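Hi,

Here is the structure I promised to pass on.

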Amino acid sequence: MPHPATVTLSGHTVAERIGAALPGAVRDATELYAVLEPSHMFDAMRFLRDDPSLDGKYLVQLCSVDAITRIDMVYHFASLAQNHVFEVKVPADHERPTVASVAPLWIGATLQEREVYDLMGVVFEGHPELTRLFLWDKFPGHPLRKDFMALPGGQKPGLSQFPKQVGGQTGGEFRPEHPGTGE
């Protein structure tokens, strides 16, 4: 929660500032956030980091939202120098979500993008090491997506029963043989 004196910039203000410097980079804006064009996203992100009035040097967090017809990448920023916060979104295709990585701009995005890749399936182009963070490489699907219950090949998520309900099961048989290797 920002300090009570911290100002929340409207999406219109952020969109106006980015749009003036990078025509075509903003798709839409609301009172809460600006929506960037995916094809101009990286340049717009660099601008909002380097622009003295936006001063988005601190990427507070990034996350994703499954909006059923698309995946929205959501980025929250804070300016310590200007004492304001703001938010931008970048839409991605639901079937093959891909956006540019912001890890080259904010080193703290490296692990956050890996988390979103692992749990939501968003591919970050230009990421230095885009691998799963929590699940093993051969894990089927992305568990935070709304369509996760409909896995390809008729597979069902989760376990068919609790471990130890069946004689001889310990629960270990549901874990990868070699953790961290994807096998």
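Let me start with strand 6 (84–93): 8 of its 10 residues are buried, so the rest of the structure largely encloses this strand. By buried I mean under 20% relative accessible area, with exposed being over 50% and partly exposed in between (1.4 Å probe, protein chains only). Helices (H or I, at least four residues) and strands (E, at least two) are DSSP runs, numbered from the N terminus.

Before I go on, the housekeeping. This is a predicted model, so local features need pLDDT of at least 70 and side-chain atom pairs count only at pLDDT 80 or more, while totals for chains, interfaces and linings use all residues. Residues are numbered from 1 along each chain as its sequence is written, and side-chain values use heavy atoms, leaving out hydrogens and water.

Back to strand 6 and its pairings (two strands pair if DSSP finds at least two bridges between them). Strand 5 runs antiparallel to strand 6, joined by 10 bridges, and M73 has V90 as its bridge partner there. The hairpin of these two strands has 4 residues between them, and N83 takes a positive phi near 55° in it. Strand 1 (residues 7–8) pairs with strand 6 in the parallel sense over 2 bridges, with T8 partnered by V85.

Of its 34 residues, M45 and Y75 touch the most other members. Helix 2 gives the most to this core, with 5 residues. Leaving aside residues up to four places away in sequence, M45 touches L36, Y75, F77, V88, V90, V102, L105 and W106, where contact means heavy atoms within 4.5 Å. The cover over the buried residues of helix 2 includes helix 1, strand 3, strand 5, strand 6 and strand 7.

Last, the salt bridges (a side-chain nitrogen of Lys or Arg within 4 Å of a carboxyl oxygen of Asp or Glu). There are 7 in the structure. One of them joins R17 and D51, at 2.7 Å from N to O. R17 sits in helix 1 and D51 in the loop between helix 2 and strand 4, so the pair ties together parts 34 residues apart in sequence. D51 is buried at 5%, whereas R17 is partly exposed at 36%.

Cheers

Methods. Core = buried A, V, L, I, M, F, W, Y, C linked by side-chain atoms within 4.5 Å.
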